[in-house]
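Here is a protein chain to get to know, one topic at a time. Take a moment to look it over before reading on.

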Amino acid sequence: MHSASEIAAMLHAAFPPQVFVGVVAPHDCDECNALQSQLHSSTWDQVPATFIDSNDGVLPLLSREAYLNFLPAWLDRAIREPRGPVSDMTLVNLRTDPDT
């Protein structure tokens, strides 16, 4: 079985971090504006764990492009805290949104 750090290294290899400059969340609300502010012009591996923990259920709010860019951040957090809420919400999101 692989360790969390080994799996994190695999995530980096599979999803090379890229600066995201597109629309993070297409909605105009406080939550989406906060996502835009935090995630715009950053890479998935720059997203703080505390931000992910506080926003465990936001993946469905992201634009398709932002979702594909930042999903590895939520996966990484889920791997490092497999019994935490990020892990649960990430699995729920993957199960209910198979097209992404």
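This is a predicted model: local features need pLDDT of at least 70, side-chain atom pairs count only at pLDDT 80 or more; totals for chains, interfaces and linings use all residues.

Residues are numbered from 1 along each chain as its sequence is written, and side-chain values use heavy atoms, leaving out hydrogens and water.

**The chain as a whole**

- The chain has five helices and zero strands; both are DSSP runs numbered from the N terminus, with helices (H or I) of at least four residues and strands (E) of at least two.
- Its radius of gyration, taken over C-alpha atoms, is 13 Å, which agrees with the value near 13 Å for a compact globule of 100 residues. The globule rule is 2.2 Å times the number of residues to the power 0.38.
- Along the principal axes, the C-alpha atoms fill a box of roughly 45 × 30 × 25 Å.
- Of the 100 residues, 36% count as buried. Buried means under 20% relative accessible area, exposed means over 50%, and partly exposed lies in between (1.4 Å probe, protein chains only).
- Take the contacts (heavy atoms within 4.5 Å) between residues at least 6 apart in sequence: 60% of them join residues at least 24 apart.

**Helix H2**

- Which residues of helix H2 (residues 30-39) are buried? They are Cys32, Leu35 and Leu39.
- Seen down the axis of H2, these buried residues fall within an arc of 55°, so they line one face of the helix. The arc is that of the directions from the helix axis to the C-beta atoms.
- Here is a handy rule: an α-helix has 3.6 residues a turn, so residues three or four places apart point the same way.
- On the other side of H2, Asp30 and Ser37 are exposed.
- The buried residues of H2 pack against helix H3 (49-54) and helix H4 (64-80).
- After H2 comes serine 41, which has a positive phi, near 65°.

**Histidine 12**

- You can find histidine 12 in helix H1 (residues 4-14).
- Histidine 12 counts as partly exposed because its relative accessibility is 33%.
- Leaving aside residues up to four places away in sequence, histidine 12 touches Pro17, Trp44 and Asp45.
- Histidine 12 and aspartate 45 are 33 residues apart in sequence, yet 8.4 Å apart in space, C-alpha to C-alpha.
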